[in-house]
Amino acid sequence: MRTFPRYLLMPLGYVAGCIAAAVVIVFMIGGLAGATPGLVLQLIVVIAAYTALFAILPMAIAVVAAEIFIWRSALVWLVAGAAIGIVALVVLGPYMPGISVERPWLFVVAGMVLGLVYWAIAGRRSGAVVRSPRAHPSHGHGIPTIKTKQ
């Protein structure tokens, strides 16, 4: 029962990361001079929805790997986010020629923000399986084992 709230944090961290990535994209693209706050909010919501849609599979792979291997470092999530950004650039680049040619780094930066926000909310606690007693708790690694009743 102790891990149940963690599984609520995972989707929350993902959604918050997608919103943060959308904010980065909207404000880094620029051209918002004279835009109303409502229009900016609409752009953020639409871009966050597309981000969530296209990043879900690579993010799910990263989350499963982090849970299995008990990766808790912010650096891991920055690298995972950068990889997600590169995947998004490769997949979405042909459909967004203006952005992908002029600012290809934007996808990577937005992915890194997604990964960092996810880490802050849910990734710091990766590793729902019980660690081996041979591992020191502060190290965040060990041999994953499943605790059974005897």
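Is Thr-51 buried or exposed? In this predicted model, Thr-51 has a relative accessible area of 17% and is therefore classed as buried, the cut-off being under 20%. The residue belongs to helix α2, which spans residues 37–69. A polar atom of the Thr-51 side chain lies 2.7 Å from the backbone oxygen of Ile-47. Beyond the neighbours within four places in sequence, the contacts of Thr-51 are with Tyr-14, Cys-18, Ala-21 and Leu-114.

At least two lining residues are supplied by each of α1 (4–29), α2, α3 (74–92) and α5 (105–121). Helix α2 provides the largest share of the lining, with six residues. The lining comprises 18 nonpolar and three polar residues, and no charged residues.

The largest nonpolar core consists of 24 residues, within which Met-59, Val-63, Trp-77, Leu-114 and Tyr-118 have the most contacts. Two or more residues of this core come from each of α1, α2, α3 and α5. The largest share is again that of α2, which contributes nine residues. Leu-114, one of the core residues with the most contacts, is also among the contacts of Thr-51. For Trp-77, with residues up to four places away in sequence not counted, the contacts are Met-59, Ala-62, Val-63, Ala-66, Trp-71, Gly-115, Tyr-118, Trp-119, Gly-123 and Ser-126.

Terms used
Residues are numbered from 1 along each chain as its sequence is written. This is a predicted model: local features need pLDDT of at least 70, side-chain atom pairs count only at pLDDT 80 or more; totals for chains, interfaces and linings use all residues. Side-chain values use heavy atoms; hydrogens and water are left out. Helices (H or I, at least four residues) and strands (E, at least two) are DSSP runs, numbered from the N terminus. Buried means under 20% relative accessible area, exposed over 50%, partly exposed in between (1.4 Å probe, protein chains only). A polar contact is a pair of N or O atoms within 3.5 Å; within protein, one must be able to donate a hydrogen and the other to accept it, and residues adjacent in sequence count only if both atoms are side-chain atoms. Contact means heavy atoms within 4.5 Å. Ala, Val, Leu, Ile, Met, Phe, Trp, Tyr, Cys and Pro count as nonpolar, Asp, Glu, Lys and Arg as charged, and the others, Gly among them, as polar. A nonpolar core is a set of buried Ala, Val, Leu, Ile, Met, Phe, Trp, Tyr and Cys residues joined through side-chain atoms within 4.5 Å.
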